[in-house]
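Thanks for coming. I have one structure to go through today, so let me put it on the screen.

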Amino acid sequence: MHAPATSNRRPTDVQPASDLLGLSPMRLSQYPINTTKETPAEAEVLSHQLMLRAGMIRRVAAGIYSWLPLGLRVVRKVENIIREEMNRAGALEILMPAVQPAELWRESGRWSEYGPELLRLKDRHDRDFVVGPTHEEVVTDIARRELRSYRQLPVNFYQIQTKFRDEVRPRFGVMRGREFIMKDAYSFHVDDASMAAGYAAMREAYTRMFTRMQLNFRSVQADTGAIGGSASEEFQVLADSGEDAIAVSDGDGFAANVELAPAAAPSQPRAAPGQPLEQVVTPRMKTIADLSAFLATPREQCLKTLLVDGADGGVVALVLRGDHELNAVKAQKLPGVASPLRMASATTVQGATGSEPGFLGPVGLKCPIYADHAARNMADFVCGANAPDLHLRGVNWGRDLPEPAAADLRNVVDGDPSPSGAGKLRIVRGIEVGHIFQLGRKYSQAMNATVLDEAGQAVTMLMGCYGIGVTRIVAASIEQNHDERGIIWPEPLAPFHVVLIPLNLQKSARVRASADALYAELAAAGVEVLYDDRDARPGVKFADAELLGIPHRLVLGERGVDAGSCEYRYRRGSDNQDIPLATVTAFIKARLAP
RNA sequence: CGGGGCAUGGCGCAGUCUGGUAGCGCAUCUGCUUUGGGAGCAGAGGGUCGCAGGUUCAAAUCCUGCUGCCCCGACCA
């Protein structure tokens, strides 16, 4: 480190010894913040744009970011709330390595199961390692070494640590980065009841955390995905920019990720055939939309046939109503379907049907066929004829082709009935910030993690695992809290509580004396204050304060100093309020009181 | 990984089609003025035009290859 080259730097403020979190007050003249008026071209979503403009983060590579002082303070706020609530729930903080030996992953089976998302590397001795995307293996290894008796259970270990997942498509800044900070927790239990209790405790802890962070969120039923296990819920922050679709019932408490939300079978019986089967020429009509327009037939009267790779190397046909979308999570769970789901290649389709995609239909198809409940309920429908530029019209199950196997294959849509029958589903967007699972014995069995029970018998432990995307929360909060001027931090996440803006600081000794004194007073009172003592015009300071989203603003000008008052403004408000200088600190403390 | 696009001072862009001395705004530095909502004037610094080949008297510009990044589809905190 070099000493500052210029002499206009002021000595660093004395920091309270108790400030272990780096959340001390700050003079802006000592921090080379770079805010911008223009939005960097790389940023698509608002939170990403604002984080770059406010100087919170900088991109290093695709999906990999540095956190600058201002951004890091917010990360620390999020971490602290998580830490407090995890500790309150009785969890124990640990820290596991980012780089892990391949042996553990071979033991769990995930060395081969996990795809290219797992970053693998070799050390100098040519030994295999991974950069941890998650820590079930390492924590299970700890548990099997440290835990001997049922009397030591239940236990919940958690850490807040950097993860790496080589995402196919990192995007939206830290919303979906490849490297990110995650809180991951793992609980160990001797029986199902204990695992369920541990899960419930985490659900409550998560609810408390996200409530404290003032996020608008809700929990939803979720797919267990690559982590595995049984019961699972996601905590979704509601935002239109969210990547997840959530189905929420207006009639009961049901809420689930669309991946998982069951689509009810139609309650009406299928109509009787009313039209004769006929072939129609449909040149180049390869999509449902084109076909529907060409034949002047509603999309819901057309049948969509998709060929996917089978588990045994063949293909499987999945049939949907024309206006419905395939649900990959549901489909890949069907017997005979490859998991993860893969669409059959064009050449495979040609070989299996004699046609190119776009003219497929279930009539005369030789491979296994699954029809979605809604598709199976159609009568007199239109479908491909398995020949180029030809479709069939007036097709009927049972009459023109065998009844297909029925399955739930589609995404639920707005207006679908809730699974319980009470109410209708609405589809909203969400950002997944937390996910809790009951894992059961998936890892403990594979890695032989046992304890002795009351009878002295070795029993395999049950596990739960609980994740939170720490850095993602920062972006999610911005998505929910901003206006045209910038970020509006909820107080618990704000990098600073108060921004103190002196006007004409360089010229007015009175303002400087008052502002310096007020800054010292606020800092001494434990207020996290950002002192904008830069030699800049008022407009610049106001604009930056609003971009940065500091919740409380104090402005001190010569007029105010002479009148013995300071001007206060709340970031969400539009009115100014004059506060006697002598009572400013008390006023702020009162506003900050929980 | 497939499809589309972009790559020119720190940031945002023009210039490329039609080859000929690299330009604008913001930011930065100096001086003066200004000081309650992103100041004005005068001056200054900063770019191997992503990389490597090729064509040409001459390449940011044309050709080939590579790399990086962004956007659209299957994964997840």
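Let's start with a single contact. A polar backbone atom of Gly-434 sits 3.5 Å from a sugar or linking oxygen of RNA strand B. Keep in mind that this is a predicted model, and the distances I quote are computed from it.

The side chain of Glu-38 places an N or O atom 2.9 Å from a base nitrogen of RNA strand B. For Arg-537, a polar side-chain atom is 2.7 Å from a base oxygen of the RNA strand.

Which elements give two or more residues to the surface near RNA strand B? They are strands E9 (179–189), E21 (425–440), E24 (462–469), E29 (552–556) and E30 (565–570), together with helix H14 (538–548). H14 gives the largest share, seven residues.

Now the whole surface. There are 50 residues around RNA strand B, and those that come nearest are Glu-117, Val-168, Arg-169, Glu-546 and Glu-567. Of the atoms of RNA strand B within 4 Å of the protein, 41% belong to sugar and phosphate. By residue class, the surface near the RNA strand has 24 charged, 18 nonpolar and eight polar residues.

Last, a helix to look at separately: H12, residues 470–480. Is H12 mostly covered or mostly open? Mostly covered, with 10 of its 11 residues buried. The buried residues include Val-470, Ile-473, Val-474 and Ile-478. Charged side chains are on that list too, among them Arg-472 and Glu-479.

That's what I have; questions are welcome.

Key
Residues numbered from 1 in each chain as written. Chains lettered and ligands numbered in written order. Predicted model: local features only at pLDDT ≥ 70, side-chain atom pairs only at ≥ 80, totals over all residues. Heavy atoms only, no water. Near = heavy atom within 4 Å. Polar contact = N/O pair within 3.5 Å; in protein donor to acceptor, adjacent residues only side chain to side chain. Helix = DSSP H or I, 4+ residues; strand = E, 2+ residues; numbered from the N terminus. Buried < 20%, exposed > 50% of the residue type's maximum accessible area, 1.4 Å probe, protein only.
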